[in-house]
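Me: Please examine one part of this model closely, namely the side-chain contacts that hold separate stretches of the chain together. Begin with the sulfur atoms and then follow the rings.

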Amino acid sequence: MRIANVVGARPNFMKIAPLMREMRRADAISATLIHTGQHYDDSMAGRFFEDLELPTPDVALNVGSGSHAYQTAEVMKGIEPVLRDLRPHLVVVVGDVNSTLAAALTAVKLGIPVAHVEAGLRSFDRSMPEEINRLLTDAISEYLFVSEESGRLNLAREGVDARKIHFVGNVMIDSLEQCRPVWERSTILKELGLTRGQYGVVTLHRPSNVDDPIALRGLMKALVELSRRMPLVFPVHPRTRKRLEEMKGGDQLLSCSGVHCVAPLGYLDFIALVAGSRLVLTDSGGLQEETTALNVPCLTLRDETERPITVSHGTNRIVGASPDRIFAEASRALSEPAPEVSRPPLWDGKASARIVAVLQAAWEAGSLV
């Protein structure tokens with residue numbers, strides 16, 4: 001069975017790594033890795049491949065940066081001849097980035113079935129490009145692998161045939177657990193002069209937070225105020241750094257003594273940093289899941305989440321972008337004992353094995369011939 005696995009951006013790498021590992025253990029599967037190059041620099045891609053022990057991509061499209069339409073179109077143009085040449089029985093896409101949708105659209109137009117890993121997640125905010133990518137990718141996929149119960153319910157409400165939906169757990173947690181022996185040995189806390197449990201971690205990259213100068217200035221105000229109570233480590237996304245440098249007064253945050261702005265970290269150092277923290281403030285989807293798995297309190301700086309299980313079963317609170325509310329909720333989190341939660345169902349490090357088992361069963365039944 002020939003399977004083409006497509007990645008494009010940093011959030012994809014943690015999801016595809018355990019899948020590639022599981023597929024390459026299976027004698028009946030020939031797995032190919034296609035990297036679109038949506039995240040194209042070493043800090044956003046290269047180091048993650050090394051940390052996650054991802055094989056060198058069999059195909060690199062090198063599409064680079066651009067608008068949503070540009071990236072989607074360039075991936076489609078680049079991947080079509082690759083798929084024609086490889087003639088895979090299945091294309092696997094993960095997550096919700098532009099490369100996810102572009103690869104799925106191209107595959108189905110060539111008559112190749114698509115499997116979507118992390119299907120069914122919904123923020124119900126169609127102003128988010130990721131939400132459009134999720135909806136459209138799910139609509140054209142034959143295999144929908146969901147990570148939490150909300151995914152199954154959302155797909156059922158949208159009229160998806162239940163036989164296409166497979167609740168398998170969370171491949172992000174597979175990566176976290178498979179790499180645990182390595183990231184637990186990370187020296188990043190020592191390198192940054194941090195004490196376990198006595199600092200916070202910040203990540204920001206959503207356009208709604210960083211492209212609006214008023215919203216970004218408000219977030220920076222909240223972070224500076226919070227840093228007077230607890231030091232914060234802020235691995236600054238290239239997009240966010242550019243916006244701060246352009247914004248009046250943005251350089252003050254980059255040089256604030258209580259907010260340690262550092263370059264983007266590799267996967268292993270970053271997970272070690274999060275695992276040792278007292279609190280995480282983020283607008284990332286995946287980090288909501290990782291903090292839940294690590295029992296670290298998380299404040300999501302958005303008005304909604306497509307991962308509601310991190311709130312109902314995890315350590316996540318949705319607090320929005322109001323500076324006053326962020327500070328109040330952070331103060332509340334710091335005054336309470338660290339949470340002890342049970343992991344959501346099937347977040348046990350075995351999601352990739354379940355996915356491969358479903359695909360092998362489909363192959364043996366003749367569904368993918």
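Reply: Cys298 is buried, with a relative accessible area of 1%; buried means under 20% relative accessible area, exposed means over 50%, and partly exposed lies in between, with a 1.4 Å probe and protein chains only. The model is a predicted one, in which local features need pLDDT of at least 70 and side-chain atom pairs count only at pLDDT 80 or more, whereas totals for chains, interfaces and linings use all residues. Residues are numbered from 1 along each chain as its sequence is written, and side-chain values use heavy atoms, with hydrogens and water left out.

The sulfur of Cys298 has its closest cysteine sulfur in Cys261, at 19 Å, which is too far for a bond. For Cys261, the closest cysteine sulfur belongs to Cys256, and at 7.9 Å this separation is also too far for a bond. The structure holds zero disulfides, a disulfide being a pair of cysteine sulfur atoms within 2.5 Å.

The rings come next. The structure holds three aromatic pairs. One of them is formed by Phe13 and Phe49, an edge-to-face arrangement with 5.0 Å from centre to centre and 65° between the planes. Because Phe13 lies in helix α1 (residues 10-25) and Phe49 in helix α2 (residues 42-51), this pair ties together parts that are 36 residues apart in sequence. As for the terms, rings of Phe, Tyr and Trp (its six-membered ring) pair if their centres lie within 6.5 Å; planes under 30 degrees apart count as stacked, over 60 as edge-to-face and the rest as tilted. Helices (H or I, at least four residues) and strands (E, at least two) are DSSP runs, numbered from the N terminus. Phe13 counts as buried at 0% relative accessibility, and Phe49 counts as buried at 10%.

Phe48 and Tyr267 form another edge-to-face pair, 6.1 Å centre to centre with 65° between the planes. This pair links distant parts of the chain, since Phe48 belongs to helix α2 and Tyr267 to helix α14 (residues 267-275), 219 residues apart. Phe48 is buried at a relative accessible area of 2%, and Tyr267 is buried at 1%. Phe13, Phe48, Phe49 and Tyr267 form one aromatic cluster.

Helix α1, which carries Phe13, is also part of a right-handed β-α-β unit made with β1 and β2. Right-handed here means that, with the strands pointing away from the viewer, the path from the first strand over the helix to the second runs clockwise. Strand β1 (residues 2-7) has five of its six residues buried, so it is largely enclosed by the rest of the structure. Six bridges join β1 to strand β2 (residues 30-35), and the two run parallel; strands pair if DSSP finds at least two bridges between them. Val7 has His35 as its bridge partner in β2. Four bridges join β1 to strand β4 (residues 90-94), again in parallel, and there Ala4 has Val91 as its partner.

Beyond helix α2, Glu53 is found in the loop between α2 and β3 (59-60). Glu53 is exposed, with a relative accessible area of 65%, and its phi is near 55°, a positive value in a residue other than glycine. Most residues other than glycine have a negative phi.
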